[in-house]
Amino acid sequence: MIKPLRTLIFMASVLAVLMGIMAVFPEKGIRVTGNFKLQFPTLKEFIGYQEEEEDKPDMSLILNMKLDTASDEMVDSTEIKRKLSLKKAKQDSIRKALMRIQFPEGQRDLLYPFFRKLDALKSGKDRIRILHYGDSQVEGDRITGYIRYHLQRRFGGYGPGLIPAVQPIPSIAILQTASENFKRYTLFGIRDTTVKHNRYGVMMSFSRFTPILPDTAALPEEPQEAWLTLTRSRSAYENCKKYDYVKMYYSHNRAPVMVSAYLGDQLMRTDTLAPSTGLREKRWDFNETPVDFTLKFSGPDSPDIYALSADSKTGLSVDNIPMRGSAGTVFTKLDQDLLQDLFDDLDPELLILQFGGNVMPYMDDEKDAMNYGKSFAYQIKRLRTMRPGISIIVIGPSDMSIKEKDKYVTYPNLEKVRDELKRAAFESGACYWDLFEVMGGKNSMPLWVNTDPPLAATDYIHFSPQGARKVAELFYSALVKEYEHYEANNP
């Protein structure tokens, strides 16, 4: 029989060993591999000691702010201001300042060229374009769609804008289907090794319905057939349910391709796409927007289709270009002649570059963040050489969490990445919208996950549909505030 004293001595010995380990074990743990870390509770955690907590991000301001569609500004939906303490009111004032678009010192007029183009839309004769690039946070048109709707409502225009021929992620803007032999190739993510060129176009992707063959390979004798269909989406904003034409950007078919356009089941017309090595386009105009618009192809060698454009003849177009897994450093890897030709045709006046989140798992230190910032600055400068005078807004990473023991905390080095992106934007003549601070700053993501309804997913990285809408509201309001500042200084 084990005596109680021996049991007590054994338990005390084990406890002493554990407390010794707690005393010497690094508080932040020991990283074994890139994704695996050994951790041990500290003495304070073991005995339940609680230090005075830092001020936690406060969600009340964000949750109570709604877009006033009459003024296009974010306002409190309750009389919360009246009930706030002086300290809380000051904190909210600082938060609202952080929600604004930020500029290099003394250069708040960086967006004025774009705003002058917006003013020109009032004549009803001009058209301009915004390209919204981003990572998976902008997939499905969730953020872009809201911005597009309100900008078009205020300045004119309609239609979903640029869309890929093959849409891998369903979009709320328009429904797309295609025959099984249509395949999409991307410059970002996992690249197909059969692609031996960098002609991916303005959407960083192209689609085709025949296999990629070497230029010296013989083409099949029998033509292949394929189709793609655009269908009006019931869930789309009203402005996306209407467009005046569809334009197809393509090139590099080695043999003629027949393309027949259908409005529903009715044949509209048939065209021949001649063999090409440079950018070509084909356009179909409508008296009334079709519920279903189908293109049927027949030929031995598919063209590379870079994009379809469903737009109005005048007004504003806002294009959603998501690149899952991308850090935004791919623009310099594209065929520059093709990109230049597409930019010349599309004539964009504003680029929104929303990146930074995908580099976080690979950021080990400040040097990595600095290198990423330098690479991103190079992308902006290259874009400026192709579109001199274009306005650019960089949207940095949102807060992202990893699990440390029993808590979700901000990724290490995220704030350094944010700082380097901001530096890159300012040094390259762009402005910056700090999504990290807009959310609430450090350790704010868990609050977005745990609101009701949730504003972020349980991966503690991506926004929920409600969260994406909130981000879009806040960005749109910040953009309009700058436009009103421009109006006040240019009566």
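Select S205 first. S205 is buried, with a relative accessible area of 2% (buried means under 20% relative accessible area, exposed over 50%, partly exposed in between, with a 1.4 Å probe and protein chains only). This is a predicted model, in which local features need pLDDT of at least 70, side-chain atom pairs count only at pLDDT 80 or more, and totals for chains, interfaces and linings use all residues. Residues are numbered from 1 along each chain as its sequence is written, and side-chain values use heavy atoms, with hydrogens and water left out.

Stay on S205 and show its surroundings. S205 lies in strand β9, residues 205–208. Helices (H or I, at least four residues) and strands (E, at least two) are DSSP runs, numbered from the N terminus. Which residues are in contact with S205, leaving aside its neighbours within four places in sequence? They are R184, Y185, T186, Y200, I305 and Y306; contact means heavy atoms within 4.5 Å.

Next, select helix α7, residues 142–155. Its 14 residues should span 20 Å at 1.5 Å a residue, and the end C-alpha atoms are 20 Å apart, which agrees. The expected span is 1.5 Å times one less than the number of residues. Now colour α7 by burial. Ten of its 14 residues are buried, so α7 is largely enclosed by the rest of the structure. Among the buried ones are I143, Y146, R148, H150 and F155. Step just past the helix to G156, which takes a positive phi of about 100°.

Move on to a sheet. Select β7, β10, β15, β12 and β13: these five strands form an open sheet in that order, with antiparallel pairing. Two strands pair if DSSP finds at least two bridges between them. Look at the edges. β7 (175–178) and β13 (266–273) each have a single partner strand, so one side of each is left without a neighbour in the sheet. Neighbouring strands here are turned by 15° against each other on average, direction ignored (axes are lines fitted to C-alpha atoms, for helices over the stretch in contact, and angles run from 0 to 180 degrees between N-to-C directions).

Zoom in on β7 and β10. β10 covers residues 224–231, and the two strands pair in the antiparallel sense over four bridges. Pick T177; its bridge partner in β10 is T229.

Finally, zoom out. The protein has 13 helices and 22 strands. Of its 491 residues, 50% count as buried. Among contacts between residues at least 6 apart in sequence, 76% join residues at least 24 apart.
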